[in-house]
Amino acid sequence: MEVVGHLNNIQEYAKSLKDTRLSTIRHPGEFFDYQRVSRPKDTQEYLKRASYNVRYFSANYAIVVALLAVYSLITNPLLLIALGFLIGGFLSINRFVAEPIEFNGKVITPHNLYVGLFVIGIPLLWFAAPISTFFWLVGSSGCLIGAHAGLLEPGVES
């Protein structure tokens with residue numbers, strides 16, 4: 001019964017996402033139109049182009065940021081392992097250990113398991129360098145989006 005409720009929630013979320021965010025994705029031919037790429041005359045024109053293009057291509061830029069985030073996780077396997085360990089451990093403790101259990105004559109509470117999870121997971125996460133990965137993601141997406149938005153001339157509809 002619980003699974004059916006979750007499936008309905010997922011379907012409703014996917015429908016609302018499709019109706020709102022995904023409907024504004026622009027065609028790749030329009031997004032990658034190299035014939036409209038030109039150097040702006042001055043900073044004022046760059047800012048005007050960037051302002052328009054960021055609004056117009058916002059869903060496409062969100063996809064670019066998501067793809068860069070996936071790329072950063074793939075190229076940093078320790079971060080992927082650390083996040084998987086922490087998220088998987090948290091979900092496993094929530095799901096399978098609702099009350100204290102006895103193991104070899106000792107009582108282990110969910111609180112003890114959370115402490116153990118974080119004692120192992122936080123140093124593992126620290127060595128995986130999530131802060132530098134975050135700043136790489138911000139910098140690389142900022143450069144790509146800034147270059148695309150500023151160099152692409154707005155269409156006729158603007």
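## Basis of the model

This is a predicted model, in which local features need pLDDT of at least 70 and side-chain atom pairs count only at pLDDT 80 or more, while totals for chains, interfaces and linings use all residues. Residues are numbered from 1 along each chain as its sequence is written, and side-chain values use heavy atoms, with hydrogens and water left out.

## Overall layout

The chain has seven helices and two strands. These are DSSP runs, numbered from the N terminus: helices are H or I with at least four residues, strands are E with at least two. The order from the N terminus is α-α-α-α-α-β-β-α-α.

Of the 158 residues, 24% count as buried. Buried means under 20% relative accessible area, exposed means over 50%, and partly exposed lies in between (1.4 Å probe, protein chains only). Among contacts with a separation of 6 or more, 80% come from residues 24 or more positions apart. A contact means heavy atoms within 4.5 Å.

## Packing of α4 and α5

Helix α4 spans residues 58–75 and helix α5 spans residues 77–96. They pack at an angle of about 95°, with their axes 5 Å apart. That makes α4 roughly perpendicular to α5. Angles of 65 to 115 degrees count as roughly perpendicular, under 35 as roughly parallel, over 145 as roughly antiparallel, and the rest as oblique. Axes are lines fitted to C-alpha atoms, for helices over the stretch in contact, and angles run from 0 to 180 degrees between N-to-C directions.

On the α4 side, L73, I74 and T75 make the contact. On the α5 side, P77, L79, L80 and L83 do. These residues divide into six nonpolar, one polar and no charged. Here Ala, Val, Leu, Ile, Met, Phe, Trp, Tyr, Cys and Pro count as nonpolar, Asp, Glu, Lys and Arg as charged, and the others, Gly among them, as polar.

## Helix α6

Helix α6 (residues 110–127) has 18 residues. From first C-alpha to last, α6 reaches 26 Å, close to the 26 Å expected at 1.5 Å a residue. The expected span is 1.5 Å times one less than the number of residues.

The buried residues of α6 are P110, Y114, L117, G121 and L125. Their cover includes α5, β2 (106–108) and α7 (130–151).

## Helix α7 and S141

Helix α7 has 22 residues and reaches 31 Å from its first C-alpha to its last, close to the expected 32 Å. Its buried residues include T133, L137, I145 and H148. The buried residues of α7 pack against α2 (28–31), α3 (43–56), α4 and α5.

S141 lies in α7. Its relative accessible area is 9%, so S141 is buried. A polar atom of the S141 side chain lies 2.7 Å from the backbone oxygen of L137. Leaving out residues up to four places away in sequence, S141 touches V65, L68 and G146.

## Positive phi in two loops

Most residues other than glycine have a negative phi. N104 is not a glycine, yet its phi is positive, at about 55°. N104 sits in the loop between β1 (101–103) and β2. With a relative accessible area of 72%, N104 is exposed.

A129 also has a positive phi, near 60°, and is a residue other than glycine. A129 lies in the loop between α6 and α7. Its relative accessible area is 29%, so A129 is partly exposed.

Terms used:
A polar contact is a pair of N or O atoms within 3.5 Å; within protein, one must be able to donate a hydrogen and the other to accept it, and residues adjacent in sequence count only if both atoms are side-chain atoms.
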